[in-house]
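These are my notebook entries on a structure I looked through. I record below what I looked up, topic by topic.

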Amino acid sequence: MKTNASVIVFLGAVSYGIPASLFKMAAGNGALPANLLLSQVFCAALILICLNFTRRNSRLITLNNIQRGKLLLSGLAMASTNTLYFASLQFISVTVSAVLLMQSVWITMILGFIFKRNVPSKNQIIAVIFIMSGTVLATQIFTAEMTLSLIGVVLAFGSACAYACMMMITNSVVKDADPIQRAMYVSVGAVFFLILFLGSQIELNDQLVVFKWAPVIAIFSVVFPLICFSKGMPQLSPGLGGILSSVELPSAIIFAYILLNEDITLIQIAGILIIMLSVIYPNLSYIIRKKKVI
């Protein structure tokens, strides 16, 4: 059973790595970024609404207006993450954007210390140092071969901050609700905030291209990974779940190489491996310690 759950979570993490490349391909076909971003989140919300109301079961709970309001407000973090991340792709490569998004690992740790007084362990602090070192290599910011757009870097790092906030919020808001039930309200809230953010930029001259790509991106960015994580994560330890989730980074880079022909240097590969090992090591240590106790 645990093996099947691991495979399911692994597939969900791989799915998270695909949308960035699809977004760039859609933009190359003439889709406007604002239209595409709003449409894919709208499609995800629509699919989740259909899933939620066609599978009534005992896991669903009745939410009061305050709980619904909190989940809808949580959509602000999701909207900010998507807006900043996909905006960064207009200035920097998928590889660099994915690496910078991965900084959410240590940003979440800092937020946990500030708001929940969760003191990082020695292994976690070491992991953060190595993540920063791997980031320097993966983005090649000190090499002549790589010229980075400052705007792109700021947008991608901002998406990491927003993603860290989203993880903090979603892990503490209405935790008793079913994952798909929660995601439905968060997605609807994200649509509302995206309309506020991007409403003035929406145009109607690329709708055929947008509606060709938006449902596909929605499935890979929200629906499929959510279903995988909601089914697989409860059967796994937090450590193993964290290890499997880190597959998102190499997935994004591999699909960027396959779909977009983005160049990847050996230095970048080394940096990416350092980041992945930095994420895996603390979680692997947790699993080993837990097994020894048992």
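**Entry 1: Ser 39**

I began with the contacts of Ser 39 (heavy atoms within 4.5 Å). Leaving aside residues up to four places away in sequence, Ser 39 touches Val 210 and Ala 214. I noted that this is a predicted model, in which local features need pLDDT of at least 70, side-chain atom pairs count only at pLDDT 80 or more, and totals for chains, interfaces and linings use all residues. Residues are numbered from 1 along each chain as its sequence is written, and side-chain values use heavy atoms, with hydrogens and water left out.

I placed Ser 39 in helix α3, residues 33-53; helices are DSSP runs of H or I with at least four residues, numbered from the N terminus. Is Ser 39 buried or exposed? I found Ser 39 buried, at a relative accessible area of 12%. Here buried means under 20%, exposed over 50% and partly exposed in between, with a 1.4 Å probe and protein chains only. I also found that the side chain of Ser 39 reaches the backbone oxygen of Asn 35 at 2.7 Å.

**Entry 2: Aromatic rings**

I looked up the aromatic pairs and found 4 in the structure. Rings of Phe, Tyr and Trp (its six-membered ring) pair if their centres lie within 6.5 Å; planes under 30 degrees apart are stacked, over 60 edge-to-face and the rest tilted. Phe 192 is partly exposed at 48% relative accessible area, whereas Phe 193 is buried at 12%.

**Entry 3: Nonpolar surface patch**

I recorded a nonpolar patch on the surface, formed by Val 7, Phe 10, Leu 11, Ile 219 and Phe 224. Together these residues have about 400 Å² of accessible area, by the Shrake-Rupley method with a 1.4 Å probe. Such a patch joins nonpolar side chains within 5 Å, from residues with over 30% relative accessible area and no salt bridge. Helices α1 (2-16) and α10 (207-232) each supply at least two of its residues, and α1 gives the most, with 3. Val 7 lies in α1 and is partly exposed, at 44%.

**Entry 4: Asn 261**

Which residue has a positive phi although it is not a glycine? I found Asn 261, with a phi of about 60°. Most residues other than glycine have a negative phi. Asn 261 sits in the loop between α12 (248-260) and α13 (266-293), and is exposed at 62% relative accessible area.

Note on methods:
Patch = residues over 30% accessible without salt bridge, like charges linked within 9 Å, V, L, I, M, F, W, Y side chains within 5 Å. Salt bridge = Lys/Arg side-chain N within 4 Å of Asp/Glu carboxyl O. Polar contact = N/O pair within 3.5 Å; in protein donor to acceptor, adjacent residues only side chain to side chain.
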